[in-house]
Amino acid sequence: MRSINKVLGLVLAGAMALSVGACGSGSDNGGSKTAGSDAHANDSAKCINKVKNPKAEKVTLWSWYPQVEKLIDHFNDTHNDVQVCWTSSDQSAKAYSRFSTAIKAKSGAADIVQLEYAMMPQYASGVEKHLVDLNKYGVSKIKDNYTPGAWKDVQLGGNKSVYGVPVDVGPVVMYYRKDIFDKYGVQLPTTWDEYEKAGLELKAKGYQGHIGNWQPNGTLFNYAYYDQAGGKVFKYSANDPEKVGIDVNSASVKKVVTFWQKMAKEGIVATDDTDTAAWNKKNVDGSYATIIHASWMVGYLNGLSGVQDGSIWQVAKAPGWTANDPAINCGGSALTVTDQAKDTKQAAKVAMEFFGDDQAQDIAVNDSGLYPTWQKKLKSQAFLDRGEKFFNNQKINTIIAPVAQNYKGYQFLPFQTYANDEQTKTLAAILRDGANVDTKLDAWEKTLSTYAKQQGFTVE
Amino acid sequence: MSKKKNNVVPHGTKSLSTTRANRWGWIFTAPFGIVFILFLVVPLVYAFFVSLYSYTQVRGTIFTGLANYKRVFTDPIFLNGLKLVVLYTIVMVPIQLLFALLLALVLDSMKSKFASVSRLLYFLPYAIPVVIGALMWGFLYSKDMGPFTSLFQLFGMKAPDFLAPGSIFGSLVNMVTWQWTGYYMVILYSALQSIPTDLYESARIDGASEAKIALKIKVPMITSSMVMVTIFALIGTLQFYTEPMVLRNNANSAIPPEYTPNMYAQALEFNYNQMNYAATVSFALGLLVVIFSVLFMTLTRKQSGLED
């Protein structure tokens, strides 16, 4: 019995030592390590896709673009020296959690990881320098191929380093039901003032739905609204990665939120959460006369069932406060090279070439439904002339492409997920429960500043 | 005299048979013991060590001792979550217990085929996985797709919004009660079945009514099971997680990501990348659950038969 006790004691002690050891090694994480150059490290990687040339060097990729396998096949077909090996298809939050876990474990991340612009600062700030600066690998050569706004996004507010190759953007436009506006004889709004009037008019004339919807959980989307009114809510620069600027209670933000609260009180806009089954249904069943949303709504609407009979969908420029409002954007992503890349140079080359030819861009636009940041595609006549079936063959890109073209880039916080969650709570209280706009936005500002300071950032 | 002496084991040493029995005892418990240590004790110890460090994005991970614990017990989000689960406990546990007891007593006094059919029916919700149950209720509660909207329309009324911030509490209480009452009922029912029936007979001869038998004999006889059920419900509710997590997909802004302490720990770890603080929250919650359970067991020592 005593010997068994001893064994148990040893096991316990071993376990403790293990955890202490694990902690010790965990405490010095962060800091950029030297670039990898092992061309054979991925030889035995298990790929989801079928690699065309098994003898070539492999570069691993995590991505959840729709139809990404087609893009990978295209890349592998056109390259002999290097092959893309797709190792995870996890989407957004799940993908980030996977990446964070791999960072903590110091191994297991892919060479190239798809990241939304808004998530990039989190992995490139403070001690978290996990994205490779592509400047060392000649990224400046392809700079002019992309829209300036998208390029700003991958520079993370700085002007020196480039932390990814921009892939897509989400220019915001207004999708509307022409049949509803026609039926009630209401003019299509072009300014917010007109938008409210049109909403009231539709309601007065007996339209049962709402002119639109403000989603309290719309996260990135809502920042686009603030930006349109001149509200630069977040400041962050890769030049000075330990400083953040938070300005969520400025006069511009208050103006926007007050305006929507007023419309919600008047009963002309809904305040439904996005990305729920109910929201999907209401998008197409005649509950909303307009949907102001990002370009990816095109593919999304296309895929929804239960489209109301007789509906005629069209696209128009989103309403503005003045005639010169900035082009606004919601979302978009880049291919980033991680500090765990086995062969950093090769990974950077793949990231830069993956979407970098006409055929890849065709697949990205036609099959994946991505809105291009690639100038050649954005300006191509075929792209602009393409009629979209869902919108009765309207050439919607003539409206959306200029918005993508004029986008100036946003800055996001290194703890954007937290800021988003806090925004959802704030907006739900304001729009659903009619809480005081000033108090709630001030409280949100305070919460974010406190969090930033707690994380060690200097708050501007 | 000498015979007696032989039977007494000398003080301080153990007989051969006891040592052997001990060894076999250890061997038999070893499979459980190893799994227990590997998957419970080790992670627990590890989590505690992790909670002694702090991570910030700018400074990285540093040893901070018990500072995280000081932070968690003054963290309004954690304390609010805690308040909420305590409130859930106060509301939900008595409701479940009462329903379970009532159903068990009714089923116990029925001897027809109907009884076994209804026993199965009451138990059925427990057989449905919690996630599926929550998804199903999410659909039922939905303003736009659920059946309540059209049901209320029949009477010319507007259906209440079950997923609004104000009504989400009641909606979740209903979901959990629906799912777990049947399970608790089965435990109480089987306890009732083990009561010897001659007790009832003598009570009947003494002129006790069925209601009186239920109240004065059956209920006191199963108090130990009732205490057990309450502890199950208590621990389950304090660790409230799955139902609100699933329902969040339908009521994103009514249920914030840090609604309950468990959800808070999850959000900290997987959304905000704060492993150390998440470990602290988990550990603090575990500590409180243990305290609650021990407190409850001490208070009900007499009823539960745990006195000795």
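Q: How much of chain A is made up of buried residues?
A: Buried residues make up 47% of the 460 residues in chain A. Keep in mind that this is a predicted model. A residue counts as buried if 20 or more other C-beta atoms lie within 10 Å of its own.

Q: What radius of gyration does chain A have, and what would a compact globule have?
A: Compare the chain with a rule for its length. A compact globule of 460 residues would have a radius of gyration near 23 Å, and chain A has 24 Å, so the two agree. The C-alpha trace of chain A spans about 85 × 55 × 50 Å along its principal axes.

Q: How many helices and strands does chain A have?
A: Chain A has 17 helices and 13 strands. Now look at how far apart in sequence its contacts reach. Among contacts with a separation of 6 or more in chain A, 76% join residues 24 or more positions apart.

Q: How do strands of a sheet pair?
A: They pair through backbone hydrogen bonds, either parallel or antiparallel. Take strand 11 of chain A, residues 329-337. Strand 3 (residues 112-116) of chain A pairs with strand 11 in the antiparallel sense, over 5 bridges. Strand 4 (residues 165-177) of chain A also runs antiparallel to strand 11, joined by 5 bridges.

Q: Which residues stand opposite L335(A) in strand 11 of chain A?
A: Q114(A) has L335(A) as its bridge partner. V165(A) stands opposite L335(A) too.

Q: How many residues of strand 11 of chain A are buried?
A: Count residue by residue. In strand 11 of chain A, 9 of its 9 residues are buried, and the strand is mostly covered.

Q: Why is strand 9 of chain A called largely enclosed?
A: Strand 9 covers residues 290-294 of chain A, and 4 of its 5 residues are buried, so the rest of the structure largely encloses it. Strand 9 and strand 4 of chain A run antiparallel, with 5 bridges between them. One pair to find is M174(A), which stands opposite I292(A) in strand 9.

Q: Which residues of helix 12 of chain A are buried?
A: In a helix, look at the turn. An α-helix has 3.6 residues a turn, so residues three or four places apart point the same way. Helix 12 (residues 358-366) of chain A has Q361(A), I363(A), A364(A) and V365(A) buried. The buried residues of helix 12 pack against helix 2 (68-78), strand 12 (371-372), helix 13 (375-379) and helix 14 (381-385) of chain A.

Q: Where do the two chains touch?
A: List the residues in contact on each side. Here 35 residues of chain B are in contact with 42 residues of chain A. On the chain B side, helix 2 (16-51), strand 1 (53-56) and strand 2 (60-63) each supply at least two residues. Helix 2 of chain B gives the most, with 11 residues. The chain B side divides into 18 nonpolar, 13 polar and 4 charged residues.

Q: Which residues touch the most other members of the largest nonpolar core?
A: The core has 191 residues, and those touching the most other members are I112(A), M120(A), V172(A), A351(A), A104(B), L188(B) and V281(B). Helix 4 (residues 76-109) of chain B gives the most to this core, with 12 residues. Beyond its neighbours within four places in sequence, A104(B) is in contact with M185(B), L188(B), Y189(B) and L192(B).

Q: Why does A159(B) count as partly exposed?
A: Count its neighbours. A159(B) has 15 C-beta neighbours inside 10 Å, so it counts as partly exposed. A159(B) lies in the loop between helix 7 (147-154) and helix 8 (168-193) of chain B. Leaving aside neighbours within four places in sequence, A159(B) is in contact with K143(B), F148(B), T149(B) and F152(B).

Technical notes
Residues are numbered from 1 along each chain as its sequence is written. Chains are lettered from A and ligands numbered from 1 in the order in which they are written. This is a predicted model: local features need pLDDT of at least 70, side-chain atom pairs count only at pLDDT 80 or more; totals for chains, interfaces and linings use all residues. Two residues are in contact if their C-beta atoms, placed from the backbone, lie within 7 Å. Ala, Val, Leu, Ile, Met, Phe, Trp, Tyr, Cys and Pro count as nonpolar, Asp, Glu, Lys and Arg as charged, and the others, Gly among them, as polar. A residue is buried if 20 or more other C-beta atoms lie within 10 Å of its own, exposed if 12 or fewer, and partly exposed in between; C-beta atoms are placed from the backbone. The radius of gyration is taken over C-alpha atoms; the globule rule is 2.2 Å times the number of residues to the power 0.38. A nonpolar core is a set of buried Ala, Val, Leu, Ile, Met, Phe, Trp, Tyr and Cys residues joined through C-beta atoms within 7 Å. Two strands pair if DSSP finds at least two bridges between them.
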